[in-house]
Amino acid sequence: MPAWWHMLVILSVALWIGPLVFFSFLVAPTVFQSLDMEQAAKFMRMMFPRYYAFQVVVAVALTGFVAVAAGTGKAETVFHTGRGAVVPVFIGFLCAMLGKRWLTPRVNEARDLRAAAKPDTPEFAEAKKQFSRYHRISVQVNLLAILSAITFTVFYALASAPRMFGPAGLGPSP
């Protein structure tokens, strides 16, 4: 597989894992620490659909790159298990679709119900419970996406290193 193909895969992985980690561990906590709750919620409501849509696009592109590489008969360069390279990417894709199509609407709905209910009412308590449940699931799904990205990255690096840097990993392959 040509070096430029490796670069496309590496760029795609960087575009996948970078925003996952940056948004999860820097942007989201900073938003809730620096903005009042109403502004933070408004920002996150606008951000999450874009965040998940971007993950979907990158996962589709990366799946395509891996599938083409597997179809060339040189899949072992991409991943020792050939078409199995698509599995962690597909898991990341499913996480993004779940977040975009299922979790985000439910988190927003629960937040709206909580905002509309009077404190110390059963409706408020139920909405708060729903919000917490969906938020917890969202965090878990995001962590699964991060683990999927890391898994793909590790296996790609292990599979590619001997061919990119020679058997000893010190220079170009002959």
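**Figure 1. Overall surface and fold.** The protein exposes about 10,100 Å², and carbon and sulfur atoms supply 71% of that area. The model is predicted. Five helices and zero strands are present. From the N terminus on, the order of elements is α-α-α-α-α. Of the 174 residues in the protein, 36% are buried. Contacts between residues at least 6 apart in sequence were also examined: 72% of them join residues at least 24 apart.

**Figure 2. The largest pocket.** This pocket holds about 650 Å³ of space. Its lining comprises 26 residues, and those closest to the centre are Ala28, Phe32, Met44, Phe48 and His135. By class, 17 lining residues are nonpolar, six are polar and three are charged.

**Figure 3. The Phe23–Phe48 aromatic pair.** The structure holds seven aromatic pairs. One of them joins Phe23 and Phe48 in an edge-to-face arrangement, 5.3 Å centre to centre with 85° between the planes. The pair links distant parts of the chain: Phe23 belongs to helix 1, Phe48 belongs to helix 2, and 25 residues separate them. Phe23 counts as buried because its relative accessible area is 5%, below the 20% cut-off.

Figure 4. Phe48 and Tyr51 are three residues apart in helix 2, so about one helical turn separates them. Tyr51 has a relative accessible area of 6% and is therefore buried. Phe23, Phe48, Tyr51 and Tyr52 together form one aromatic cluster. Phe48 is also among the residues closest to the centre of the largest pocket.

**Figure 5. The surroundings of Thr104.** Thr104 sits in helix 4. Its relative accessibility is 11%, so Thr104 counts as buried. Leaving aside neighbours within four places in sequence, Thr104 is in contact with Phe48, Pro49, Tyr52 and Gly99. Two of these contact residues, Phe48 and Tyr52, are members of the aromatic cluster.

Terms used. Residues are numbered from 1 along each chain as its sequence is written. This is a predicted model: local features need pLDDT of at least 70, side-chain atom pairs count only at pLDDT 80 or more; totals for chains, interfaces and linings use all residues. Side-chain values use heavy atoms; hydrogens and water are left out. On a 1 Å grid over the protein atoms alone, a cavity is a set of points where a 1.4 Å probe fits but cannot get out, and a pocket is an open set with protein on both sides within 12 Å along at least five of seven lines; lining residues have an atom within 4 Å of a point. Grid points are joined across faces, edges and corners, and a volume is the space filled by probe spheres set on the points. Ala, Val, Leu, Ile, Met, Phe, Trp, Tyr, Cys and Pro count as nonpolar, Asp, Glu, Lys and Arg as charged, and the others, Gly among them, as polar. Helices (H or I, at least four residues) and strands (E, at least two) are DSSP runs, numbered from the N terminus. Buried means under 20% relative accessible area, exposed over 50%, partly exposed in between (1.4 Å probe, protein chains only). Contact means heavy atoms within 4.5 Å. Accessible areas come from the Shrake-Rupley method with a 1.4 Å probe; for residues, only the protein chains shown count as cover. Rings of Phe, Tyr and Trp (its six-membered ring) pair if their centres lie within 6.5 Å; planes under 30 degrees apart count as stacked, over 60 as edge-to-face and the rest as tilted.
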